[in-house]
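Hello,

Here is the structure I promised to hand over. Please open it first; my notes follow below.

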Amino acid sequence: MRYLFLCFTMILLAVAANGYSQVEMRGTITSTHNDTVVPVEFADIALYHLTDTTKAVTGTVSDFNGRYLIENVPAGSYKLVIKCLGYSTMYEEISVEPQEEGKPLVADYSLAYDSQQLTEVTVRGSLRHQYIDKAVYTFTAKDVKAARYSKDLLKTLPELTIDAQSKNLTTLSGKSLMILINGVAATDNELKMLPPDKVLRVEYYDFPPARYAGAGAVANIITREPQNGYGGGVDLAHAFTTGFGEDNLYFNYNSGRSQFAIDYHLSYRSYKKRESETLYSYELNNESRHSQYLLRDTFGYTVNTVGLRYTNRLTDNYIFQATLRPDFTTYFAHGVSNINNVFGNDTSVYTGRESKTFLTLSPVLDLYFWKSLPHNSDIAFNLVGTMFWTNQKESKYEYRQPSGMQTLSDEMTLDNRKQSLIGEVAYTRRLSFASWNSGYKIDISWLRSDIKNLFGKYDYNSNSSTQYLYSELSGSKNKLLYRLSLGAKYIINQSYSNKYNRLVFAPMAMVGYNINDGNTFRLMFRRNTRLPSVSELSNNARVVTPDIIYKGNPLLTNATVNTSSLSYTHNNPILTLNLELSYQYVDKAINKYFAKDPSSPYIALTNENANYSQEYGGKLSLSLKPFGSNILKLQSYTQLMYQNINSGIVGNLSNWYFPINLAVVSYIGKCILAYQYRFTSMSINGTFLDRDENQSHVTIYYQLNDNLQFTANMLWTFMPSQYFRETLPSSLVYQRATTKIWDNRSMIQIGVSWNFHKGKDYDVRRKLQNKDYDSGRF
């Protein structure tokens, strides 16, 4: 019956052809100069109700070829207004009627040249239009001229900022960000390959569509038509006082229907001065026990990301793309510790040595095919194969002083071989009144682990699959916005000790109301699932102290996440503000806790499925330009959330979370000055409270010319990076851990970035993005 209900509801979405009538309007804005017809770039096109010409219903900006596109225009009569610097403003009454088979309404317009306007008109800033699940941005010629590549345009969006360490784009709210170019998942290097004058518009989804499930936010760059050309560049950024580097190399070449691209990213750390203090207090064997660990270690890592991509495309007909990414990652940590134990009436001193290393190699092959179909529709296929080879080694030794007698020896090795296959097919049709998307996705993985730890040597095998079926309808009627998504996930997980099947429904419903183009309310409900990771399901274990171990839990099952929110968005040239009230309830939440291990004499730090967790409160993000330009931009994101976990093992845990993130950015001539600061707060994580990483970062950019830029950073100004964790009162073990990385204190980083573009860029519009990120490292 559940399968029949699901199929029935999806069929309803597919045949919903009697809904609101909406039209896609497109065309070209031109002008005649010296008997030659030329396109008009960056013309503002706006539609107004005949009875109210004070507020635009919708609008857009023409591209470099004078072309424009306005989606989801409700049928009716409007006053069309077209403005552009240097041309007479056009006013015309038009009638927008539904077209046959959802075809677009094509309307071309010609503007009269007016040189007098060049001295009278002030150029507007970038335009923003709010839809049910996204905001659409366009840019002026001034914005484009000031940018080296498309990434520079994206960082001007009020929802985004630049991470001071990695120099990657990130959301102001801290949500994970997926970057797309014409629907194709793009790396930071690929953004640099795209010249700014090829950007038509940017679509920012704060509620991503079903096909991008799992992303916190999506920024999709829509580009101009592809033409031949090539481009590339190099970025180097290194610290003077410690091992810290972020390097990039990228190049692409376009010829005819084909594009070849290669890029490489290296993230490098090598720290010498990390200090940690960890306290433990607990009862064991009717004895009160207290331990203090003072650890000093060196640690570092390298993350190597390599990309090779080939694309073949015939415009508006088909796209084929093959991508190979042989990525690999290394990590090391070596340290010594001073240990003070008070067990009952016995006080003793120990020294310790510990070491951790791992190597992960993860080649990925990604095949994608898209085909245009009749009746304003298309279909896309995506197949992603991933292999993980992970070798992990950890050792821990303790010696009683002053005798030097060894009292603890723990060695853990883990060899993982994991294969995964992700396949997806998606069908899209643009109806006269809405857009309909439907698809099917399957994710299958196989894991084999060879484990050696304090419990012996053994093999661990598991496999899992997730099938996801979804259908989605979105559109608008006058000022009313809507989106309805119906989906279901069928989950199978098998291991030596556990096997379960789950059917989870994953619907999403959104409704919004545009008061005007600057003020929008949106109401959202979403249901999804959270699967335990390979590490959480593992039966591996390692020693934390002589009495405490950390281990996985093969009996974990998936958690079900239900989220509701009411958001208000305000936008004008000076202020962009988003206020959200939200409530989230998680059934069978995966929760970390301490418990007496039933199969050994240890206390175990592991995971359980709690009864539930919940959080509710408000979130506020704002971007303020006091002078209406980028000469000064103030950004802030804060949230006040009540967090609660109810567990049959550790009881009822609660906490208030109140972080504040601040950023100041100033564009002065060829320089950009930026400062980021964070007021940290404690967030609940199972039986722990974790403090946010502190931030106090200063960045200076200097643009020497169109191709060359220099940067200077001071990270963690006058403070080390700090990390703090403490258990809540109901925990079986009291633990408090403080870690400081002194290498980071007032770390000065110098960078240089050079890029070039020749000819015109070539990008594809791709609608499916899949990748396996879980290597199974413990």
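**What I found**

The chain has 778 residues, and for that length a compact globule would have a radius of gyration near 28 Å; the chain has 28 Å, so the two agree. Please keep in mind that this is a predicted model.

Overall dimensions next. The C-alpha trace spans about 100 × 65 × 45 Å along its principal axes. Secondary structure comes to five helices and 49 strands.

Then packing and surface. Of the 778 residues, 54% are buried. Take the contacts between residues at least 6 apart in sequence: 65% of them join residues at least 24 apart. The accessible surface is about 33900 Å². Carbon and sulfur atoms account for 57% of that surface.

On charges: the chain carries 78 positive and 69 negative ones. Their mean positions lie 2 Å apart.

I also looked at one strand in detail. Strand 34 covers residues 559–571. Is it mostly covered or mostly open? Mostly covered: 10 of its 13 residues are buried.

Which strands pair with strand 34? Strand 31 (residues 519–530) does, antiparallel, over 12 bridges. There, Arg522 stands opposite Ser567 of strand 34. Strand 35 (residues 575–587) also runs antiparallel to strand 34, joined by 12 bridges. In that pairing, Thr569 faces Asn578 of strand 35. Strands 34 and 35 form a hairpin, with three residues between them.

Over to you.

Best regards

Key:
Residues are numbered from 1 along each chain as its sequence is written. This is a predicted model: local features need pLDDT of at least 70, side-chain atom pairs count only at pLDDT 80 or more; totals for chains, interfaces and linings use all residues. Side-chain values use heavy atoms; hydrogens and water are left out. Helices (H or I, at least four residues) and strands (E, at least two) are DSSP runs, numbered from the N terminus. The radius of gyration is taken over C-alpha atoms; the globule rule is 2.2 Å times the number of residues to the power 0.38. Buried means under 20% relative accessible area, exposed over 50%, partly exposed in between (1.4 Å probe, protein chains only). Contact means heavy atoms within 4.5 Å. Accessible areas come from the Shrake-Rupley method with a 1.4 Å probe; for residues, only the protein chains shown count as cover. Lys and Arg count as positive and Asp and Glu as negative; His and the chain ends are not counted. The place of a charge is taken as NZ of Lys, CZ of Arg, CG of Asp or CD of Glu. Two strands pair if DSSP finds at least two bridges between them.
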